[in-house]
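Subject: Structure handover and notes

Hi,

Here is the structure for your work. My notes follow below it.

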Amino acid sequence: MTALAALIRRDIRIALRVGGGALIGVLFFLTVTVLMPFALGPDLALLTRLGPSILWLGALLASLLTLDRLFTSDHEDGSLDLIVMGRTPLELACAAKALAHWLAAGLPLIIATPVLGLMLNLDATATSAVALTLLVGTPALTFIGMIGAALAVTLHRGGLLLAVLVLPLSIPVLIFGVAASQAAISGPLPFGTPFSILCAISLVSFVIGPFAAAASLRHGLD
Amino acid sequence: MTLIDLANPTKFLSLTARILPWLAGATAILLLIGLYQAAMAPDDYQQGATVKIMFIHVPNAWLSMFVWGVMSLAALGTLVWRHPLADVAAKAAAPIGAAFTFLALVTGSLWGRPMWGTYWQWDARLTSVLILFLMYLGLIALWRAVDDPSRAARAAAILTLVGALNLPIIKFSVDWWNTLHQPASVLRMGGSTLDRAFLIPLLVMAVGFSLLFVTLHLAAMRNEILRRRVRSLQIMQASQQAA
């Protein structure tokens with residue numbers, strides 16, 4: 001247990017320090033959201049209607065952007081090999097790394113959401129609905145994306161390949177995240193239905209993600 | 001003759017060399033019979049002659065999912081049993097599956113134009129087949145991104161299995177998101193809703209297309225084995241020249 005806690009603490013510390021780049025994700029999220037009114041026009045009513053979808057898309061792309069860092073830097077300095085050979089089960093170590101990555105790169109997105117919601121003319125209900133669905137949904141994005149990150153690091157290919165592999169798998173999260181936000185704002189569905197499915201998808205990804213990533217690292221690194 | 005005996009590529013090559021002509025012949029005969037029956041089938045009272053697109057469209061759509069199933073089995077073969085031909089099978093199946101999925105999309109689109117008045121609808125079934133197509137392309141991209149085949153095979157196997165677990169979830173979410181396409185009507189509780197005049201040619205075409213897949217798959221596997229032999233011969237030659 002202490003080994004996992006140490007791993008989480010280490011990863012968060014590295015991510016937040018100089019060269020860590022976790023906060024670039026938030027900056028990207030902000031920039032994408034600012035770009036939207038230029039593409040759609042500054043009509044506030046339109047932005048209110050599209051706001052939840054814009055925020056979800058921005059968060060999805062931002063969390064995809066930072067995924068690259070999940071394993072690459074550890075692979076470059078050799079600590080990934082130590083983690084793979086270590087006594088801690090690799091599945092648990094992967095889950096710990098994903099958790100640390102989410103705390104460093106995913107949680108800031110949710111903290112930034114109220115500010116961005118204000119800029120998109122969302123009211124308090126809408127903003128809190130989006131923030132709540134992001135809080136539940138972004139861990140799923142991280143855990144699914146971890147599979148792609150593990151594949152990419154074993155193949156020494158990152159970037160676009162990672163995006164192409166991960167994006168189709170994250171469609172359910174996007175569908176139910178946006179559906180739950182819209183349900184909270186305008187109905188007619190109750191908020192609970194899509195929200196609980198979103199929770200279920202996150203829980204499933206907590207199971208699939210670490211096992212697939214660990215299998216990929218174990219088979220791929222040599 | 002068990003699966004293990006086929007682990008020897010030379011045995012596999014000689015066996016498939018004997019089987020393939022028969023398979024190709026059976027495929028051609030079945031497809032000819034199916035096409036003839038489809039051409040002779042009566043027009044639908046609502047859809048007219050366009051209903052005949054179904055005889056091509058439905059087998060392609062079935063195979064688009066079936067091929068992912070075949071690749072998942074091959075992925076298990078790669079990761080669990082380390083069967084030497086499993087990754088060859090997986091690699092050979094991916095482009096064929098992508099082609100069937102593409103044909104299902106195109107024929108569906110051509111059928112949708114007269115029936116729904118549009119080539120493309122963001123309807124649940126169309127969208128989930130489109131996502132399946134994107135996943136096939138991603139998988140092929142993964143195969144092509146790495147030059148070492150065994151390394152690529154393990155990565156692709158993991159992605160295939162993750163995809164197999166995720167495809168039902170994606171299908172369910174997209175269904176939930178939007179639906180316009182008719183529900184399944186051939187295989188369902190309480191018997192088929194399809195008339196016998198359409199059902200029989202459809203089943204013949206489905207079997208014919210499945211045999212077409214098996215034929216193409218075996219031929220592609222042979223090509224892949226030969227391609228790998230050529231590659232290792234070339235590497236050997238190059239290293240001899242270097243030395």
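Predicted model: local features only at pLDDT ≥ 70, side-chain atom pairs only at ≥ 80, totals over all residues.

Helix H3 of chain B spans residues 86–116, and helix H4 of chain B spans residues 124–145. Their axes lie 9 Å apart, at an angle of about 150°. Angles over 145 degrees count as roughly antiparallel, so H3(B) and H4(B) are roughly antiparallel to each other. Their crossing is left-handed.

On the H3(B) side, the contact takes in Lys91(B), Ala94(B), Pro95(B), Gly97(B), Ala98(B), Thr101(B), Phe102(B), Ala104(B), Leu105(B) and Gly108(B). Facing them in H4(B) are Leu126(B), Val129(B), Leu130(B), Leu132(B), Phe133(B), Tyr136(B), Leu137(B), Leu139(B), Ile140(B) and Trp143(B). By class, that contact has 16 nonpolar, three polar and one charged residues.

A second pair in chain B is H1(B), residues 9–40, with H6(B), residues 196–242. Here the axes come within 8 Å and cross at roughly 155°. That angle is over 145 degrees, and therefore H1(B) and H6(B) are roughly antiparallel to each other. H1(B) also passes H6(B) in a left-handed crossing. The residues of this contact divide into 21 nonpolar, six polar and one charged.

Now chain B as a whole. Its secondary structure comes to six helices and zero strands. From the N terminus on, the order is α-α-α-α-α-α. Chain B has 243 residues, and 35% of them count as buried. Take the contacts in chain B between residues at least 6 apart in sequence: 78% of these join residues at least 24 apart.

Next, the core. The largest nonpolar core has 133 residues. Helix H7 of chain A, residues 124–155, supplies the largest share of this core, with 17 residues. Which residues have the most contacts inside the core? They are Ala90(B) and Ala93(B). Leaving aside neighbours within four places in sequence, Ala93(B) is in contact with Val67(B), Val70(B), Met71(B), Ala74(B) and His217(B).

On to the interface. 20 residues of chain B are in contact with 21 residues of chain A. On the chain B side, the elements that give two or more residues are H4(B) and H5(B), the latter spanning 149–177. H5(B) gives the most, with 12 residues. By class, the side of chain B that touches chain A has 15 nonpolar, three polar and two charged residues.

Helix H8 of chain A, residues 160–169, has packing partners in both chains. Its buried residues are Leu162(A), Leu165(A), Val166(A), Leu167(A), Pro168(A) and Leu169(A). In chain A they pack against H3(A) (44–67), H7(A) and H9(A) (171–186). In chain B they pack against H4(B) and H5(B).

Asn121(A) has a positive phi of about 65°, although it is not a glycine. Asn121(A) sits in the loop between H6(A) (90–119) and H7(A). Is Asn121(A) buried or partly exposed? A residue with 20 or more neighbours would be buried, and one with 12 or fewer exposed. Asn121(A) has 15 C-beta neighbours inside 10 Å, so Asn121(A) counts as partly exposed.

The other is Arg82(B), also not a glycine, with a positive phi near 55°. Arg82(B) is found in the loop between H2(B) (54–81) and H3(B). With 12 other C-beta atoms within 10 Å, Arg82(B) is exposed.

Last, a proline within a helix. Pro37(A) lies in helix H2 of chain A, residues 24–40. Pro37(A) has 16 C-beta neighbours inside 10 Å and therefore counts as partly exposed. Leaving aside neighbours within four places in sequence, Pro37(A) is in contact with Pro42(A) and Leu47(A). Pro37(A) and Ala15(A) are 22 residues apart in sequence. In space, their C-alpha atoms are 31 Å apart.

Best wishes

How values were computed. Residues numbered from 1 in each chain as written. Chains lettered and ligands numbered in written order. Axes fitted to C-alpha atoms, helices over the stretch in contact; angles between N-to-C directions. Helix = DSSP H or I, 4+ residues; strand = E, 2+ residues; numbered from the N terminus. Parallel < 35°, antiparallel > 145°, perpendicular 65-115°, else oblique. Left-handed = near helix turned anticlockwise from the far one by under 90°. Contact = placed C-beta atoms within 7 Å. Nonpolar A, V, L, I, M, F, W, Y, C, P; charged D, E, K, R; others polar. Core = buried A, V, L, I, M, F, W, Y, C linked by C-beta atoms within 7 Å.
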